[in-house]
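Here is a note for a colleague who is opening this structure for the first time. Please keep the sequence and the model side by side while reading.

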Amino acid sequence: MTNFKKIAVMGTAAVALVATPAFAAPVSNSNGKAKARVVKPLTLTIVGNDTLDFGTIVLPAGATGTSAVVSIAPSSAGTVGTAGACGTDFVCTGAVAAAINYNITGTQGQEVNVSLPATATITVVGGTDTLTVNLSTDMTDSDSDGFYDVNLTNSGAPGEDFYVGGSLTVADTTVEGEYEGSFTVTADYQ
């Protein structure tokens with residue numbers, strides 16, 4: 001009987017050791033940081049004409065299997081294109097507009113990503129035939145991320161200008177009529 005009491009007492013002692021929690025000293029770390037950048041809102045406006053107007057392109061009298069390319073350079077040079085021959089058997093006439101002048105303002109020293117589609121589709125008014133305008137700009141994509149880079153060298157006015165031009169190819173089989181369409185240019189801080 002004596003052995004029985006010893007076993008019971010040892011079991012109770014073991015339970016007491018397991019149930020006692022260990023206490024640790026508190027620790028801290030003061031390396032956490034927070035930051036914010038506050039900037040002026042961006043504005044993107046068109047200065048002057050808002051349309052790439054390629055003028056009037058007169059098709060050849062008969063099927064010739066040729067085409068004409070009419071271009072508007074993306075620069076501040078003013079009117080680009082001249083009346084007269086604009087391709088074999090084609091005649092370009094009428095006023096050809098200069099490139100579209102965009103102006104962007106925001107916070108000085110900030111980089112801005114500008115997005116411009118590679119092409120714009122224009123559709124004959126009252127019909128379904130389309131032409132493709134290949135858009136171009138005087139901006140560069142210096143980091144090859146798909147966005148054009150603009151560095152805001154001042155805060156607010158006068159802002160930074162950039163230009164959008166393009167080229168249009170017309171075949172001798174192009175359906176006659178007035179073609180119109182639009183495209184969207186967007187800008188956001190980097």
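The numbered points below go from the overall fold to single residues.

1. Basis of the note. This is a predicted model, in which local features need pLDDT of at least 70 and side-chain atom pairs count only at pLDDT 80 or more, while totals for chains, interfaces and linings use all residues. Residues are numbered from 1 along each chain as its sequence is written, and side-chain values use heavy atoms, with hydrogens and water left out.

2. Overall make-up. The protein chain holds 1 helix and 13 strands, where helices (H or I, at least four residues) and strands (E, at least two) are DSSP runs numbered from the N terminus. Read from the N terminus, the order is α-β-β-β-β-β-β-β-β-β-β-β-β-β. Of the 190 residues, 29% count as buried; here buried means under 20% relative accessible area, exposed means over 50%, and partly exposed lies in between, with a 1.4 Å probe and protein chains only. Among contacts (heavy atoms within 4.5 Å) between residues at least 6 apart in sequence, 79% join residues at least 24 apart.

3. Strand β6. How many of the residues of β6 are buried? The count is 6 of the 6, so β6 is largely enclosed by the rest of the structure. In a regular strand the side chains alternate between the two faces of the sheet. Both faces of β6 are covered, with Ile100, Tyr102 and Ile104 buried on one side and Asn101, Asn103 and Thr105 buried on the other. Strand β1 (residues 43-47) runs antiparallel to β6 and is joined to it by 5 bridges, two strands being paired if DSSP finds at least two bridges between them; within this pairing, Val47 stands opposite Asn101. Strand β11 is also joined to β6 by 5 bridges in the antiparallel sense, and the bridge partner of Ile104 in β11 is Glu160.

4. The aromatic pair. A search of the whole structure finds 1 aromatic pair, a term for rings of Phe, Tyr and Trp (its six-membered ring) whose centres lie within 6.5 Å, with planes under 30 degrees apart called stacked, over 60 edge-to-face and the rest tilted. Tyr102 and Phe162 form this pair, which is stacked, at 5.3 Å centre to centre and 10 degrees between the planes. The pair links distant parts of the chain, as Tyr102 belongs to β6 (residues 100-105) and Phe162 to β11 (residues 160-171), 60 residues apart. Tyr102 counts as buried at 7% relative accessibility, and Phe162 is buried too, at 2%.

5. The nonpolar core. In soluble globular proteins, nonpolar side chains tend to be buried together. A nonpolar core is taken as a set of buried Ala, Val, Leu, Ile, Met, Phe, Trp, Tyr and Cys residues joined through side-chain atoms within 4.5 Å. The largest one has 34 residues, of which Ile57, Phe162 and Leu168 touch the most other members. Elements giving two or more residues include β3 (67-72), β5 (90-93) and β6, and β11 gives the most, with 5 residues. Leaving aside neighbours within four places in sequence, Ile57 is in contact with residues that include Val70, Phe90, Leu168 and Val170.

6. Three strands form an open sheet in the order β10-β7-β13, with antiparallel pairing. Strands β10 (148-151) and β13 (186-189) stand at the edges with a single partner strand each, so one side of each is left without a neighbour in the sheet. Strands β7 and β10 pair over 4 bridges, and Val150 in β10 is the bridge partner of Val112. Gln110 is found in the loop between β6 and β7 and counts as buried, at 14% relative accessibility. The side chains of Gln110 and Arg37 are joined by a polar contact of 2.6 Å, meaning a pair of N or O atoms within 3.5 Å in which, within protein, one must be able to donate a hydrogen and the other to accept it, residues adjacent in sequence counting only if both atoms are side-chain atoms.

7. Backbone points to check. Most residues other than glycine have a negative phi, and most peptide bonds are trans. A cis peptide bond joins Ala157 and Pro158, with omega about 5 degrees, and Pro158 lies in the loop between β10 and β11. Ser144, in the loop between β9 and β10, has a positive phi near 50 degrees and counts as exposed, at 64% relative accessibility.
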